[in-house]
Structure formats: C-alpha cells, structure tokens
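Q: Can you walk me through this one? I'm new to it.
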Amino acid sequence: MKGSSHAEVWRLAVDSKGDGEAAELTIRGRLGVSGAAELNSVLQDIIAHGGRHLILDLSGVDYISSPGLRLLDDRARQVEDQAGTLSVRHAPDPVRLALDLAGLERLYQSHAAGEP
C-alpha cells in the first residue's frame with residue numbers, strides 16, 4: 001500500500017480502580033520510552049490525589065525497558081517517602097527477569113508477603 005506505514009505501534013493501556021489512598025492498575029502493552037511516560041502521567045495523577053498504596057498488575061505487559069524500570073523505581077520511592085507502597089503482581093517471566101536484573105525484586109516481594 002502506497003503511503004501507509006506497516007510499522008506496528010505498541011500502545012500502553014492502563015485501567016485503574018479504587019480511589020483515595022488505594023488504587024489497583026491493570027497495565028497492558030509495552031513499557032518502553034513512550035509507555036513509561038504515559039504510565040508516569042497516570043501514576044503522578046493518582047499520587048497527587050492522595051494515592052499511597054498502589055498495586056500494578058503487569059500480566060498484560062510483554063516488554064519493559066530501562067525507562068519503564070526507572071519509572072517503577074522512582075514512583076515506588078516517591079510513595080515510600082510518603083509512608084505508602086507500590087507493588088507489582090502477575091509479572092510475566094521476561095518482565096520479572098528485568099525487575100530482578102534491575103534490583104527491583106522488592107516490588108513484587110512486598111505483594112507476595114501480603115502487603116497492599
């Protein structure tokens with residue numbers, strides 16, 4: 001097809017539920033540069049409105065790069081400084097491996113331990 005692009009665009013979709021201090025987000029897509037920026041915007045809005053206990057369901061994330069890992073670490077530290085928690089659950093094996101290699105296992109271990 002002339003003039004059309006065959007490049008596939010990987011979009012990030014974030015669904016959230018909960019309000020006040022606790023929120024659960026279901027994330028689908030890729031957490032690369034643009035996905036991390038999109039998720040950062042969502043997380044910053046939730047935190048600005050009092051969100052302190054965040055659970056991120058990563059079952060639909062098929063890829064995470066350095067910007068995505070940095071975002072998770074930065075937002076986790078931000079809510080921890082405000083006596084909150086950010087934890088991940090259902091991370092697929094490649095995403096879990098990236099979290100492990102980045103030294104971020106605490107993000108899914110806290111959820112496994114029964115914390116919010």
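A: One term before we start: a salt bridge is a side-chain nitrogen of Lys or Arg within 4 Å of a carboxyl oxygen of Asp or Glu. For charge, Lys and Arg count as positive and Asp and Glu as negative, while His and the chain ends are not counted. Also, buried means under 20% relative accessible area and exposed means over 50%, with partly exposed in between (1.4 Å probe, protein chains only).

Q: Fine. What kind of model is it, and how are residues numbered?
A: It is a predicted model, where local features need pLDDT of at least 70, side-chain atom pairs count only at pLDDT 80 or more, and totals for chains, interfaces and linings use all residues. Residues are numbered from 1 along each chain as its sequence is written, and side-chain values use heavy atoms, with hydrogens and water left out.

Q: Which side chain of opposite charge is nearest to Asp 57?
A: Arg 89, 4.2 Å away. Asp 57 is buried yet has no salt bridge.

Q: Where does Asp 57 sit, and what does Asp 57 touch?
A: Asp 57 lies in strand S3. Leaving out residues up to four places away in sequence, Asp 57 touches Leu 25, Thr 26, Ile 27, Arg 89 and His 90. Contact means heavy atoms within 4.5 Å.

Q: Back up. How many helices and strands are there?
A: The chain has 4 helices and 4 strands. From the N terminus the order is β-β-α-β-α-β-α-α. These are DSSP runs numbered from the N terminus: helices (H or I) of at least four residues, strands (E) of at least two.

Q: How much of the chain is buried?
A: Of its 116 residues, 38%.

Q: Now helix H1. Which residues are buried there?
A: Gly 35, Ala 36, Leu 39, Leu 43, Ile 46 and Ile 47. They fall within an arc of 95 degrees seen down the axis, so they line one face of H1. The arc is that of the directions from the helix axis to the C-beta atoms.

Q: What do those buried residues pack against?
A: Strands S1 (13-17), S2 (22-31) and S3 (53-64), plus helix H2 (66-80). The face turned away carries exposed Val 33 and Ala 48. Just after H1, Gly 50 takes a positive phi of about 100 degrees.

Q: And H3: which residues are buried?
A: Val 95, Ala 98 and Leu 99 are the buried ones in H3 (residues 93-101). They cover an arc of only 100 degrees around the axis, which puts them on the same side of H3. Asp 93, Pro 94 and Leu 101 are exposed on the other side.
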